[in-house]
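Here is a brief report on a predicted model. The sequence and structure come first, then the notes.

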Amino acid sequence: MNQFLSFVRKEFCHIFRDVRTMLILLLMPIILVILFGYAISTEIRRSPVAVLDHRRDDVSFKRIEQFRGSEYFTLHTTTGNPAEIHDLFRKGEIKIALIFPADGEEAAILSDATNPNEATALTQYATAILASPLPGAGPFYPTLMQRGGGVKAEVSLLYNPQMKGSYNFVPGVMGLILILICAMMTSVGVVRERETGSMEVLLVSPLRPAYIILAKAAPYLLISIVNIATILLLSRFLLDVPIRGSVALLIAFSILYALVALCLGLFISTIADTQQAAMLISGVALMLPVVLLSGMIFPVENMPWILQRLSDVVPAKWYIAGVKDVMIKGLGYESILRETGILALMAIVLTAISIKRFNTRL
Amino acid sequence: MNSVVVQNISKAYGGVTALESVSLNVGGGELFGLIGPDGAGKTTLMRILATLLLPDTGSAKVCGLDVVTDWKDIRRGRIGYMPGRFSLYQDLTVEENIRFFASVFRTTMEKNYDLIRDIYVQIAPFRHRRAGRLSGGMKQKLALCCALIHRPDVLLLDEPTTGVDPVSRVELWDMLGRLKRQGVGILVSTPYMDEAARCDRIALMYSGRCLSAGEPGVICREAGASALYAVCSDNMYALLSDLRSYPGALSCYAFGREHHLRLKPGESDASLLTGWLCDKGHSGITVEPISVTIEDWFMDKIVQHNEQE
Amino acid sequence: MNRNDSPVIEADRLTKRFDSFTAVDGISFCVGAGEIFGFLGANGAGKTTAMRMLCGLSQPTSGRATVAGCDVYREQEEIKKHIGYMSQKFSLYADLRVWENIRLFGGIYGLSGKRLSGKTEELLDVLGLEGERNTLVSSLPLGWKQKLAFSVAIIHEPEIVFLDEPTGGVDPVARRRFWELIMDASARGITVFVTTHYMDEAEYCDRVSIMVDGRIEALDKPSVLRDACGVGTMDEVFRSLARRAKRSE
């Protein structure tokens, strides 16, 4: 035990004495949360809108007021000249334009579809406003539904009524951070011992390889728990993302995922010869799948079959799904049994492979 | 009991021979030197003895334990191994390094302090300095402390003096001499020929082969078959090529302040040489018969070996 | 044995301080053209720092020095055109072939066209490496590698070549062959500035300086130094001087 503890102490020395790495480890989660929370937002706010108003009556004025009051839009111009609208689109000054014809019931929406996602969202918001009842009057433009069969659809958005992007990316960032810290740092740590030659001395000692591996991993596990706490606190109090389910369950589930990441790191350390190689493999082979295939940014359901199967072996996919269930939907442990099982299986398989591949010789 | 017994060990990496049928033994409490340049196979042999590599053929025993079958027992603190490059933790302090390796071997620094005291007192003033900021000689002393801290029966030191300045080298060899008297068997490798004299016995290695093994003095005496002369003149640069063109010369090499000239077998008479050099325009000529050094002998063997290849 | 009167390297109270630590403490010396100048010292005596300043890689704290007539403060880039450099640690690209290395370094040193290909052939011929021109450098024996590295370092016929422990780990025969190359270069007028841990090699130098704790404690012909210390070898000279060292960094 003493043997093991002094090894762990040594590992902490390595981490604490490398100030740069230390800062990266502790600041990376904070930076990522703030970056995703504020800068890289997929939500749409204050998009400039231009109105081509041929109608110029009480109805169109009221509609324009509605757009002016919406947080999604800012009114750029109101004009009677169609050429000006096209000019504004070309200059990129507006994303969307409303056209009220002089007569008739229809209104037209033009939008800049160079960014299709944005265009779709804006069109939806605009349609919703136009379909809403006018203050002090009945609906001016009947919705499609009403014209079709007189059924009025009432939409309610479950779990995330304000459609906040942070509800989606907080679990994603947790999945990313844990993989980065646990896998990358562990693999680099083990490979460094080999590169500097100290592994030779350790191998020739009575120290068990399992001890070496565990002692290498322990500090990073601890640091990742600190990181989980940081991310949860930031998202709760800075980004107003609620934690609806059990915090204990969330943390336990995160630790399981961190373990999988550690095992991945150990596995990488058995493949890589140099610290740079370990870093590169962790970066490319772990980070890209987490970003691209975990459902964090791009929905997995829309991917081709082959990519969907590929995403099944990305631990982050299961972790992110589980975190969403617990944190956002507030579900209990019964609902994440499948995710837990899969992650546990991954941890066992990776550990077995790493121990088998961990060379007790050079 | 012999500390190390090596019998016909061979090892190749992907078709390149690193060791070819090497045999040697190191007695208990003996200081044994593996002497040879880079690429001679010294490190491979050390690693095989440290159970870090498996030999292709042959067998080896350390402390009576087989390196292939009993490797686990050997790793239970029977050997102290110091790899060729500095292999301690640069970001830990001197004392932290020693304490760490003590605990790895389930012992404490205090328990075995008597064994490392001689060496430790020299680095003690820097015990709170990080190992990465020590000079080359200090680093090696620290590494030696760490390799000794669990009181091993046999020390395997792979090139402890490489890149270390001459003063620290002498100090390190003095330490090895004292350790030997405490009964530790020591196998040490070095590329410096002049260090051969510090060993009880040596093995000269070149290109994966052990060219000769024995006491340094005996090897030299056996090698003194053909005559060797130390020659000096006022123009040493010109002297070298002139000596090589001397009809009776077998070989000639620069050797510090003088040139060592080996005459062809049967050409034992160097009296003609002075006159011959005078004719070539040399002045201040001295020619002295000398006895063969390890380095002379080794160079002969290397030339022979390269000619056979 | 200054073969030429105008010095190629001139250092006057050259000093380098890092914070409170004085790595090089006011060293002064001259090296003449074609001289083999041995630059000895224990680990940490300040040799590497001094050499970096002379090669134009590091700015001195005070003092002055010129290398091939160029000032080490203002003309660092100019210095690099007049020197060759070789160290044990890095010299050639192991994953390139022999001729590729020669071409590469020849190109780096500003040779091109006919001159470069002429030099390449000449070098392969002198070293006896024609048969190995397509060999990867990684599979050459160490002794050959070092000889090739040296020849490449002087492919542009520089005025000075700096050699940092060029013979570490090389076998005794190859080590001597290497020194014969150094002596040939010196005979052609190239100044050689060399550090080594082999004290027998100090004897091959025209003059030797011994650094202790950042200062030059001795500087003269090997024979003069031996006589002054009353000992028979440079090894003893070195040890008697270096033992005085107080600092251990």
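## A sheet in chain B

In β2(B), B:L24 is the bridge partner of B:V6. Strand β1 (residues 2-13) of chain B pairs with β2(B) in the antiparallel sense, over eight bridges. Two strands pair if DSSP finds at least two bridges between them. Strands (E, at least two residues) and helices (H or I, at least four) are DSSP runs, numbered from the N terminus.

The order β2-β1-β4-β5 (chain B) makes an open sheet of four strands, with antiparallel pairing. β2 (16-27) and β5 (65-66) of chain B each have a single partner strand and stand at the edges, so one side of each lacks a neighbour in the sheet. Helix α1 (residues 42-49) of chain B lies across β1, β2 and β4 (57-62) of chain B. α1 runs at about 120° to β1(B). Axes are lines fitted to C-alpha atoms, for helices over the stretch in contact; angles run from 0 to 180 degrees between N-to-C directions.

## Basis of the model

Residues are numbered from 1 along each chain as its sequence is written, while chains are lettered from A and ligands numbered from 1 in the order in which they are written. In this predicted model, local features need pLDDT of at least 70 and side-chain atom pairs count only at pLDDT 80 or more, but totals for chains, interfaces and linings use all residues.

## Domains of chain B

Chain B is divided into domain 1 (2-221) and domain 2 (225-290), with bounds from an automatic or database domain assignment. The C-alpha centres of the two domains lie 39 Å apart.

## Contacts of chain B

Contact means C-beta atoms, placed from the backbone, within 7 Å. Toward chain C, the contact takes 30 residues from chain B and 29 residues from chain C. On the chain B side, α5 (136-148), α6 (166-181), β12 (249-255) and α10 (294-308) give two or more residues each. α10(B) gives the most, with five residues. By class, this side has 18 nonpolar, eight polar and four charged residues. Ala, Val, Leu, Ile, Met, Phe, Trp, Tyr, Cys and Pro count as nonpolar; Asp, Glu, Lys and Arg as charged; the others, Gly among them, as polar.

Toward chain A, 24 residues of chain B are in contact with 21 residues of chain A. β6 (79-82) and α3 (94-104) of chain B each supply at least two residues. α3(B) gives the most, with four residues.

## Chain A

Chain A has 14 helices and four strands. Its C-alpha trace spans about 90 × 45 × 40 Å along the principal axes.

Notes
Contact = placed C-beta atoms within 7 Å.
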